[in-house]
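Please read the briefing below alongside the sequence and the 3D view. It takes the topics one at a time.

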Amino acid sequence: MSATGTSRLAALRGSNNEGVLALILVVLVIAMTIVNSDFLSAGTLFAILRSSIVPTVLALGVLIVIISGGIDVSFPAIAIFSAYTTVVLMRGSGIDAGVVLVLVVSLVIGALLGLVNGGLIARFKLPTLIVTLGTQGIFKGILIAYVGSRYIAELPLGMRMFSTQSLLTVPAGGENTSLHVLVVPAIVLCLLVNFLLRNTMFGRGVYAIGNDTEAARRVGFSVMRIQVILYVVAGVLAAFGGVLHVTLTRSANPQDLLGTELDTIAAVVLGGASIFGGRGSVLGTMLGVLLIQVINNSLILMGIPSAWQRTAVGLLLVIGVGVQAISARRSSRRVFAHREVVAPA
Amino acid sequence: MTDQKTDESVTRSTVRESNRRVDSAVMGAISRFHLQHGVVRMLVLTLLAFAIFTAVKPRVFLNPLNLQNIAIAAPEIGLLALAIMLTMLTGGIDLSIVAIANLTAITISSLYTAIGATDAGLAESLAPVIVLVGLAVGAVGGYVNGLLVSRVGITPILATLGTMQIFNGIAITWTGGKTLYGAPAMLTTFGRTVIAGIPALFLVLVAAAIVLAVVINKTALGATIRLQGANPVAARFSGIRTDRTLTSTYVMSGLLAGLAGILFVSRNPTASADYGSSYVLLVIVIAVLGGTNPNGGFGTVLGVILATLTLQIVSSGFNIIRLSSYDYAIAQGAILIIIMVIDQVTSGRRRRTVPKISDALATPTES
């Protein structure tokens, strides 16, 4: 094969295996269509997109943290804390708040909670998993013990008005199926985070400290400042995800989202982000989330009990990461016979 | 005049001499204290928690029934914490332990009811076999983790995240999401047995802890496990079979999880796929609180046991003073972060001051 041929193939494959993921997605969709002709329809597509909205936004925050070499398990707590507290505040103050006020209040709360994470991690150089494990308990506890434990169905105007809005409606077999309007903010956030990671100094810094913190410091990045900012950004994204979740479910339940942290991390890792930091992309993450949603959806269509979903995602994760690990080992053996490299490349 | 001066200088030098001696004695005491730093700190915390709740509600808290309840609830969490501590010693982690424990409990419960449906007496007499099969399920789960980590080379946190989902998925499918009832009478009576005021379940934890402490501290395998975590490269270059060490570590962790699963059904003759879903994070908190270094190489069994007891005391005390389980979640998180911050601040200071002394001695006695 010619040199340009391999480079074109490498470009198709993507720097984080995005091409491979896309290929798996396409194969899966084709296979599902053969098995069940109902699969390839606007209804299925819209359902998958709708169920991907919240996981995608949450995954974006996780992606930034993972690229920086950390792990965040507190984001579901931040998400539901921000959204639920906003609803409680709005109801308490009697303001039927519009979109702007709802977003400002919840995103500020998310930013503050992210600041707690970032401050502890950057100031005391603590392991990120341990810190976010601790703050997760604290946030969840404060929310349910002191903010409220009740399920709230009356949402402020800013959330209510979007709950049942559709972006477009397609007639399908007698009844209409429609695409929820909230895919728009999810896509906008993806583009924004993509820009932030690829085109700003902050984004370069996140990749740099994920690759090698000491090297990043010597090059002149302020590691502490980047870490604080990135956890604040992750907090804001989590809060946004929380608001979207409350809007989509048309109710605020303080127990929601909690316990989904490992599923989201699995999606991000499937999307090609390295758990050791320094690698990962927004496109990969979107594909990872989509893949999991497609699998969940197709298992239902194939009549397989939804209980197998967890097993399927787990298998996918182990196979995906395992293949990466083995290929990384092989290539490292080729280059340095003695180097110990287990990092998925 | 001159006499006085020499006198003064003599006394001054003797004072300096005795000062130095006192200093070195204190330094020696402090360094010995640091050796057991994690354990001593945990002991202080355990006693502190005990003292606080005794002072607040002595009648209810010191009630034998309450103390027994603590001793009955602690063992399963303690076993899981020991399992995760063991994997942390090698620099890894095992997120799948709760899923493995549930799988063991489900195996025992469903085997017992299946055999009992045809012959109740046979099911009862086969109880020891059923329990062993349950334990074997734990070992197999651990072996799968071990293979993924050592042979395939997947990072432990991802490998066990994946197997957690797989084991949990199998458990959900198996039970259909429902709670299974039924456990061998042998187990349920064992769960109620009290020996000299101490519940038998607690003695299981004590026995497992002693065995694990011996394995970690007195055997060759234990030494390789600790070296693997402290310095994987050195471990490899000193000829240690890394893959074997890791595989046996995860098998042991799976066995401990299986044992915890046996305790699940002994306490309550039920088994379900989602039992103890909050335990995963709780046992990480306990392991770290007990002085385990999540990056590997350091951790003590005693520290983990004390941390388990402390959190159980706090949980029970919170119950007595009518604080919710969410207040307990806040306390858990706050304790974890405060301990980590204190550790970081003091270890930073130690690192800055210690080199002067150790440079002079130039003989590192302990690492």
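A charge sits over a ring if NZ of Lys or CZ of Arg is within 6 Å of the ring centre and within 35 degrees of the ring normal. In chain A, the charged end of A:R123 sits over the ring of A:F124, at 4.9 Å from the ring centre. The model is predicted: local features need pLDDT of at least 70, side-chain atom pairs count only at pLDDT 80 or more, and totals for chains, interfaces and linings use all residues. Residues are numbered from 1 along each chain as its sequence is written, chains are lettered from A and ligands numbered from 1 in the order in which they are written, and side-chain values use heavy atoms, with hydrogens and water left out.

**Aromatic rings**

- A pair of aromatic rings is described by the distance of the centres and the angle of the planes.
- Rings of Phe, Tyr and Trp (its six-membered ring) pair if their centres lie within 6.5 Å; planes under 30 degrees apart count as stacked, over 60 as edge-to-face and the rest as tilted.
- Over all chains, the structure holds 8 aromatic pairs.
- One of them joins B:Y275 and B:Y279 edge-to-face, with 6.1 Å from centre to centre and 80 degrees between the planes.
- B:Y279 is buried because its relative accessible area is 13% (buried means under 20%, exposed over 50%, partly exposed in between, with a 1.4 Å probe and protein chains only).
- B:Y275 has 30%, so this residue is partly exposed.
- The pair of B:F318 and B:Y328 is edge-to-face because the ring planes are at 70 degrees, with the centres 6.5 Å apart.
- This pair links distant parts of the chain, 10 residues apart: B:F318 is in helix 15 (residues 301–320) of chain B and B:Y328 in helix 16 (residues 325–361) of chain B.
- Helices are DSSP runs (H or I, at least four residues), numbered from the N terminus.
- Both B:F318 and B:Y328 are buried.
- B:F50, B:F53, B:F61, B:F318 and B:Y328 form one aromatic cluster.

**Residue A:D263**

- A:D263 is placed in helix 12 (residues 261–270) of chain A.
- Its relative accessibility is 31%, so A:D263 counts as partly exposed.
- Leaving out residues up to four places away in sequence, A:D263 touches A:I292, A:R310 and B:Q165 (contact means heavy atoms within 4.5 Å).
- A:V233 lies 30 residues from A:D263 along the chain, and their C-alpha atoms are separated by 20 Å.

How values were computed
Helix = DSSP H or I, 4+ residues; strand = E, 2+ residues; numbered from the N terminus.
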